[in-house]
Amino acid sequence: MGSEVTKEFHDRPNRDRAAHAFAVRRERVPIRIERVVAIAGLAVALSIPVSGWSQDDESVEETVETLQAEVGRLNRTVQLQRGRKIYFQACSPCHGVRGDGKGPAARGFDPAPRNFRRGVYKFRTTVSGALPIDTDLEHTVREGVPGTEMVRWKGVLSDRDIKAVVQYVKTFSPYFEDPDSLPLPEDIIEIPEERPFEPSLASAAVGRQIFVDQDCLKCHGESGQGDGVEADRLVDDWDVPIRPADLTQPHFKNGRLDSDIFRVFTTGLNGTPMPAFDDLSEEQRWQLVDYIQSLEQKQGFLFWLFKDNPNQVRRPRPEARVEDAESGG
Ligand code: HEC
Ligand code: HEC
């Protein structure tokens, strides 16, 4: 069912080639430094009983704390080294060795690879204008950005590697080092897994009205095809012209589950003219989701309404994408 969508992803030869080339090269990366950390950890563990016999409780605690902090620092260094290696092999061709988005492979890409130096990220679970949290970046790296050259790294990089490379990417921007810039717990938005009501023609119709009232048309156009009156004049924060999403396309950058679209209305896409609509009530945001989902051109609203599980059917099958990438690359 999702095969047309799937195919569209696979027909992007450079994405697949980049992923494949990386998979091949990766075999040869020897990172043994973890063993150093393991040994250091063991040393801490051993030092507890030893120092315990010869010192009073307080100084034991102090020693343990110092050693634990030391191991923490060492772990971080190891993770960053690992991340750096992966970054240079897998990411720098597009994102550039300096993280400025000017890699040699990326000339003419639209959209351009992200410049990491300003710490501005589109896909987040944090309020508009805030930095992303680690899991947001890991999600982007794992799933890629559908419809762009940003490859999907799941199946190519291990979870551990993805975490490591994300930590390295963060070092390009000073904001991640500054505690005052980091999102506070209340800046992190939980998107409800369960919708409060089922999608229906009625909720989509209310959603259409919200679409009109909120002026979505001026960017996304009367029928959602990304051709509103403002569409040709928009630029992003990196001064590059940007087009509003064609909402009739079967894939969105941030995912096409109902909850993904809900999230975009709630957080906005930092660095782009797409604002957050967090002043709409939750009910209104779900109604808007229903309207947006009904726009998907290929299958239409009635198909979407009556199929078993609207979310799962719509999603391109991940296994198929990885397989095709392997056989096609
Ligand atoms: C073939 C080119 C290419 C490669 C290789 C690539 N990227 Fe990207 N990446 C892009 C493009 C293009 C975008 C911009 C997508 C957009 O703005 O819609 C992007 C965007 C991103 C973003 C920003 C998402 C956001 O929320 O704004 C992150 C993070 C990212 N890439 C991480 C990585 C990491 C880590 C690697 C290596 C493991 C990598 N990329 C490899 C092309 C690439
Ligand atoms: C000022 C112009 C503007 C307005 C107003 C606007 N958008 Fe957007 N929207 C954009 C742009 C530009 C993008 C594409 C961002 C990108 O590609 O990185 C976008 C992207 C989107 C996406 C796709 C997100 C994804 O994951 O790819 C959805 C859905 C969306 N807009 C819905 C809406 C709705 C609904 C409204 C009104 C409530 C609205 N937009 C109002 C400019 C706008």
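Author: P111 lies in the loop between helix 4 (57–95) and helix 5 (134–143). Keep in mind that this is a predicted model.

Reader: What makes the peptide bond from D110 to P111 cis?

Author: Its omega, which is near 0°.

Reader: Why does D215 count as exposed?

Author: D215 has 11 C-beta neighbours inside 10 Å, so D215 counts as exposed. Its place is the loop between helix 7 (201–213) and helix 8. D215 also has a positive phi of about 65°, although it is not a glycine.

Reader: And D239, is it buried or exposed, and how do you know?

Author: Buried would take 20 or more other C-beta atoms within 10 Å. D239 has 7, so it is exposed. D239 sits in the loop between helix 8 and helix 9. Its phi is positive too, near 65°, and D239 is a residue other than glycine.

Reader: Which residues come nearest to ligand 2?

Author: C216, C219, F252, N254 and M274, out of 26 residues around ligand 2.

Reader: Which helices each supply at least two residues of that shell around ligand 2?

Author: Helix 8 (217–220), helix 9 (258–267) and helix 10 (282–294). Helix 8 gives the most, with 3 residues.

Reader: How many residues of the shell around ligand 2 are nonpolar, polar and charged?

Author: The shell divides into 17 nonpolar, 4 polar and 5 charged residues.

Definitions and conventions: Residues are numbered from 1 along each chain as its sequence is written. Chains are lettered from A and ligands numbered from 1 in the order in which they are written. This is a predicted model: local features need pLDDT of at least 70, side-chain atom pairs count only at pLDDT 80 or more; totals for chains, interfaces and linings use all residues. A residue is near a molecule or strand if its C-beta atom, placed from the backbone, lies within 6 Å of it. Helices (H or I, at least four residues) and strands (E, at least two) are DSSP runs, numbered from the N terminus. Ala, Val, Leu, Ile, Met, Phe, Trp, Tyr, Cys and Pro count as nonpolar, Asp, Glu, Lys and Arg as charged, and the others, Gly among them, as polar. A residue is buried if 20 or more other C-beta atoms lie within 10 Å of its own, exposed if 12 or fewer, and partly exposed in between; C-beta atoms are placed from the backbone.
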